[in-house]
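Here is a friendly walk through some charged pairs. Have the sequence and the 3D view open as you read.

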Amino acid sequence: MEKPRRRGVVMAGPRYRRTAPAARRPRAGRRTVMAGLALAACLAVTVGPAAPVGGAVHGLGRYYGQRLDWRGCVLGPDDREGAALERAGARCAEVTVPLDYGDPGGRTVTLALSRIRATDSRHRIGALLLNDGGPGAPTIGAPPRVHTALKETAARFDIVGLDPRFVGRSGQIDCGWPVGGLLSAGSGRASFERQVALHRDLAARCRAAAGDLLPYAGTRDAARDLDVVRGALGERRISFVGLSYGAHLGTVYTQMFPGRFDRMVLDGAPDPRHSGSALLPNQLPEQEGAFADWARWTARRHGTYGLGRTREEVTAGILRTVATAAVRPLVVGTGDEVFRLDDTRVPVLFFIGLVGDFDRQRSALAEQMAMLAEAAEGLPVTPSAPATALLRLLFGPQGSPSGSATQAVLCADRAAPRGPEYYWRRIEAGRAGHPLLGPLLGNISPCAFWGAPREAPAEVRVGARVLILSATGDPRTPHRDSVALHRMLTGSRLLTLEGADQHGLYGLYGNACVDDAVNAYLAGGRLPDTDPVCGRR
């Protein structure tokens, strides 16, 4: 198996040639990311503008003290993201970090970041770093969105987007997978055994392509990178807004560097005990709740989508479509691009669509399910351009980079059970009450065939004055997880949005109560006196 070429990772020593810096590489097309998610004592450091304790703990001083070269963000004529950054006034730079913080004189990783500088220098607060989750989501393009959400307070922050190690412009890992990696176990033992073989192969491909990098893909190393960026920016403390997995990264940072953060917003924050390979199974109750809400919404629009007049009819129809796909894969598309969707793939499309409760989101999912119902009847169907792009990402090699990065983080954060029988029992237990989503969220993954993590799973041991955001119906990071994290992080506040099946709130959902509360905190630095509660509309 040929090993894909890796960029952004530099080998120490004369035998190796430096690869092209990550932020200078040409990039074809627009990056698309599949959503998904992922503490303890680390390098002890004291607060300082650019260096760890004594200026050179374990030789890290040169990383904290590096000077950044800010320049344009556009990498080529097709770089729409870079062009959008520059229109917003952003500039881009690179930061060098150790691959292994235990060996700072060895190989390094080049991280790409963008920045929209504060324009109100007299009232400047500091740097606000962002992470859009995933894990494995590029975040270099996020500053314009957050700049808009901050309104007048944006002028007081340097807003910084960072592609985490092995993601996007920061040395993207790509294991050369034929699919994106997220699949259901299907309807029976035979399809599950095929999944076991597939995920074993996906893990083998990652060992061949990036086995020397995988041990360093975990959240703790990403948190160490954040602190190096803090130092390179010349900041004593950073502020941070993390979405989904990004909220987990923020939590880890508070534990490893408790004196280094100022204002921190954890949006859709998971319970650290559900990080890594425990992430997906934990979502099952909330996913079923979002499924039921979507089915009720769709039933009220039977005249438009034809999927059933009641929630029960809609649910039964979806399950019939999956049962048909188990016998005869559904054919979607014509001509040169045809997708064949069996019972391991149809549930994935449904899962991806259950991310929010806007009418446009629910409509898009209903249209996809109506299309699949027609395909189940043997009718020719042609997906829309957005649906085709999604099918490529999920079930084609186009999804390999994002899927590889996601699994690299999840597998590095927490060891997964090894034996296939464990997963089969979990799948059957989930299938009993959740026939559509149980076999998907309980399925085996490449982590079952991964090497053991270098570090123990994250734990919360000290409090932190942070603002946690959570919707009661969040299908990806359950509200109960944010409640649990709030209890762990003494001194924190929990802002709850009631009645919303939404993942990601600040600057995304358009709820003025949420956005105003976050902006007041970021502007003034003071948490609310009590835990706020906002209504959906």
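Does Arg461 count as buried or exposed? At 63% relative accessibility, Arg461 is exposed; here buried means under 20% relative accessible area, exposed over 50%, and partly exposed in between (1.4 Å probe, protein chains only). Its salt-bridge partner is Glu459, with the closest N and O atoms 2.3 Å apart, and Glu459 is partly exposed with a relative accessible area of 38%. Elsewhere, salt bridges with shared partners link Asp100, Arg220, Asp221, Arg224, Arg454 and Glu455 into one network.

A word on the model: it is predicted, so local features need pLDDT of at least 70 and side-chain atom pairs count only at pLDDT 80 or more, while totals for chains, interfaces and linings use all residues. Residues are numbered from 1 along each chain as its sequence is written, and side-chain values use heavy atoms, with hydrogens and water left out.

A salt bridge here is a side-chain nitrogen of Lys or Arg within 4 Å of a carboxyl oxygen of Asp or Glu. By this rule there are 34 salt bridges, including these:

| Salt bridge | Closest N and O atoms |
|---|---|
| Arg71 with Asp69 | 3.5 Å |
| Arg431 with Glu428 | 2.8 Å |
| Arg461 with Glu459 | 2.3 Å |

Take a look at Arg71: this residue is buried, at 12% relative accessible area, whereas Asp69 is partly exposed at 49%.

Arg431 and Glu428 sit three residues apart in helix α14 (residues 420-433), which separates them by about one helical turn; helices are DSSP runs (H or I, at least four residues), numbered from the N terminus. Arg431 is buried at 18% relative accessibility, and Glu428 is partly exposed with a relative accessible area of 34%.

Definitions and conventions:
Helix = DSSP H or I, 4+ residues; strand = E, 2+ residues; numbered from the N terminus.
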